[in-house]
Every structure is written in C-alpha cells, then in structure tokens.
Amino acid sequence: MGDLSLKTIKFINAQLLGRKRPTIEVVAEDQTALESSPVSMTFLSTETTEEREQVLADCQDLYESLKNTEVTLLKEFHKKYLDYPFNNALPKQMKALDASQPWILYWIACSLRLMDKTWLGEPVQRKIYAKIFAASLEKGPFCGGMGQDPHLVCTYAAINSLALCDSVDDCWSQINRQAIYDWLLSLKCSNSGFKTGVAVGECDSRSTYCALSVAKMLNILTTELCEGVEGFLLGCQTYEGGFGACPQEDEAHGGYTFCATAGLSILNSLHKCNILRLAEWCSARQTAEEKGFSGRSNKLVDGCYSYWVGAVNSLLEIHGYGSFIDKGALQEYILKCCQSSERPGLRDKPGKSPDYYHTTYVLMGFSLTEHLLEVTKQTEPISVKSTTNGFQLEPVNPVFGLPAEDVTKFIDFMSQLPQVC
Ligand SMILES: CC(C)=CCC/C(C)=C/CC/C(C)=C/COP(=O)(O)OP(=O)(O)O
Ligand SMILES: [Zn+2]
C-alpha cells in the first residue's frame, strides 16, 4: 500500500462509487502520424462478445418485465431444492460430484442456515456428521468420498460443514486436530504455499487459503505454519489489482482474489497488498448493464462472483477502506436474474440451471449486500458481526464463507481445547 493515506483512498472510493471509473485516453502526439498509420483498429467479435450480447438481452428482458414488481428472495421455494437430497437419491447427473461430497453438504447446510437458522435441523445435521466422518475414519484430514485420499480443499469443506452441526453432541471435539495439523505441515511447499495432497496436488492461492482457513477455524495456526505464506499470497496480485492462482504468472480472477485476500486477512496482512488497485479491480467487475459481477476482465457476468468478489469488497469495507461496488444493483441482478419462480435454487445467469454451488454463493453474496459488518474484537480483525436490521438472510463472515455467528461459536469452542502444536 505504500504511503497512500486513508483519506486518498476514501476520495478514490467516492469516485468509484459514483461509477466514474478513471478512463485511459490514448493521445498521439502527432495526430497525422496516427491517421496515416498503416495499422487499422478493428474490433473483432469473439465467442465471448457474442455470448455477452445474449446475456445482456436476457437480463434486460427480465429487468423490463419485472420493472414494476417488488421481488424478494423466494426462500421457501429454494428450501425445497436444498431439502431434496436428504429425502431422495441424488439425481444421476450429479454422479460426477462423487469426489466432492463434503462440498455438497457444505453448500446445502450453509444455504439453509443462511435463509433461516432453524432450517438446518438436528436430523439433517446428524446425517451430515455421519457422512463426513464415515468417509474419513481417522476423523481428519478429510477426503471427497469413501476410500479416497485426504484432500485440502475437501478438508476445508468438511470443517465448514461440521461447523454448522452445532446440535450434534461431541461432533466438534472429535475432529482430529493433531492429525490435521501434522498433515497441513506436510503439505507446505518450498514457495511457502500449500499443496492439496501429499502425493499429488496443485499448490496455489486456493489451496493456501483452505489451509489457513482450516487452521484458523481449528485454532492450530502456528508461526511455523504461517512462515512465508504472506509473501506467497502477496506475490499473486497482478498488475490489474486482482489476484491469480500462483505468484508472478497468472491472470487475476474472482475466485483466486477471494482466496488470496481472505488468506491475507487471516494473517492480518491485507493492508500490505496494493489496496488501491484491488479496489479498482473490484469496482471494474460490476457492469452497469447486467448489474452483476464477472470473475475477470472481458468475461461474462456470473452469480457466484456475488460472493467471490463481494467478499473481497466486504473485506476492504471491514478493514476501513470503504465499499467499491453498487450493492443495490447487485441485489437486483440476484433477485431478478439468478432466481426464477419456475425452478427452485439459484443460478449463474438467465438460461442456466440452478445448482448447489451457485445457490450458496449467490445467497452469501446477497447477504453481504444486506448487512453492514463490523469487526468485533480489536485483536481479531476477522471476527465480524452485523449492525443491520431488516434483512432476508443471516450475516456472513466474508473470510470463512459461513454465517458469522457459526464461525464465532466454532472458533470460541476450538480455542478452549488443549493446544496440539
Ligand atoms: C474456497 C475455494 C475452494 C475457492 C475456490 C475459488 C475459485 C478459484 C473459484 C473459481 C471457480 C470457477 C467456477 C472458475 C470458473 O472459471 P471459468 O473460466 O469457467 O469462468 P470465468 O469465465 O467466469 O472466468
Ligand atoms: Zn459461477
């Protein structure tokens, strides 16, 4: 961040909020040279620009037809979609998710809990707990399904799922924190990032965030585990301001930007990245026409970035830099373009089918637009609570991707257990 003062950032913030983004004008010193240049500038249409025309038309049709309609979240309707797998076998097109079982459980449990605290009842919590522990007999680290190797990203989803099972006695104390800690240490790479598995697995900002989140949630985040991680994550910021998967070599992307900035927040180091560029990048993700976010430059709007990018904006907000997005416009995209009264569940964009992944991240993104979050403990910049009244969803903790209250309760519980490291 260097020497940019908070005042300067707030000024730039006000400009961005006014949606007067700085434009770059290319002016040739010698105009005649430009005119006689043999290079002609033609804008070619690409597959993406053609697809965007369609998305734009679909969104505009919806905005037009719902112009005078007060649209709310169809919570009871979406609940039907989320309850379905607990009463029926999963549809066969979901067989490909066999290696992502903790993810499906996390998405469903989190969505239910966000819509109504009471909707994740004890019987369903018991099923989630049984399923997660059955696939990992050592009770951590966790894998995607029975007989598979432990995987960092699945362990993240498993811990987040278990954090939602607060009505199952002894569920939290059974988690094998010692085994998870030793395993996390063994995943550390020479560049200080974490890889997803001991034998094979990618090492990037996503897996590194998962390691930090799991360790923070379980209260096993030691100096040894954190050594060099800040530098690894800071190295993933690109010239655009967002973050990529790996240091010095990647395109900025919403998913990886979330992972890197949430990881830096856990390390209490977010202020060390280039905040100004990050804020500009966040603002640039939202289009005036569709009103939702894209995940990277020149790509299409997609409901899941309501969380991946929305959470980055919330992190900037709770760290005192302000907000750089139009929350009202994002709400409109979610309410009018990501849900339809024809099918329960939330979706990426008009024309796409709902799925559990998008249902969760669209709902979490919506929650972030509703609540003003504030830091609760000075020493813990990631412990947040909401100051807003009159909302449709519970507040979300933008670092862990869970309802704020569940995070606080789980971490408080873990901090009372004996140290394992
Ligand atoms: C905690 C955790 C595991 C976080 C993962 C975050 C992450 C990397 C999300 C990105 C996922 C995604 C659907 C990318 C799509 O790329 P694409 O090229 O299909 O889509 P695009 O056109 O929108 O870029
Ligand atoms: Zn998506």
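This report looks at two residues and one ligand site in a predicted model.

## Ground rules

Residues count from 1 along each chain as its sequence is written, while chains are lettered from A and ligands numbered from 1 in the order in which they are written. Because the model is predicted, local features need pLDDT of at least 70, side-chain atom pairs count only at pLDDT 80 or more, and totals for chains, interfaces and linings use all residues; side-chain values use heavy atoms, with hydrogens and water left out.

## T208 in helix 9

Let's start with T208, which sits in helix 9, residues 205-217 (helices are DSSP runs of H or I, at least four residues, and strands are runs of E, at least two, numbered from the N terminus). T208 is buried, at a relative accessible area of 0% (buried is under 20%, exposed over 50%, partly exposed in between, with a 1.4 Å probe and protein chains only).

The side chain of T208 has polar contacts with two backbone atoms: a polar atom of this side chain lies 2.7 Å from the backbone oxygen of D204 and one lies 3.1 Å from the backbone nitrogen of F194. A polar contact is a pair of N or O atoms within 3.5 Å; within protein, one must be able to donate a hydrogen and the other to accept it, and residues adjacent in sequence count only if both atoms are side-chain atoms. Beyond four places in sequence, T208 is in contact (heavy atoms within 4.5 Å) with G193, F194, V229, F232 and L233.

## Around ligand 1

Now for the ligand: 13 residues surround ligand 1, and the closest are H253, G255, R296, K299 and Y305 (a residue counts when one of its heavy atoms lies within 4 Å). Oxygen atoms of ligand 1 lie 2.7 Å from a polar side-chain atom of Y305, 2.9 Å from one of K299 and 3.0 Å from one of H253. Taken alone, ligand 1 exposes 630 Å², and the protein buries 71% of that (Shrake-Rupley method, 1.4 Å probe).

Helix 9, helix 12 (254-266) and helix 14 (305-318) each supply at least two residues of this shell. Helix 12 gives the most, with 3 residues.

## N397 in strand 3

Finally, N397 belongs to strand 3, residues 396-397, and is buried at a relative accessible area of 2%. Its side chain reaches the backbone nitrogen of V399 at 2.9 Å. Leaving aside neighbours within four places in sequence, N397 is in contact with Y307, I382, V384, L402, P403, A404 and V407.
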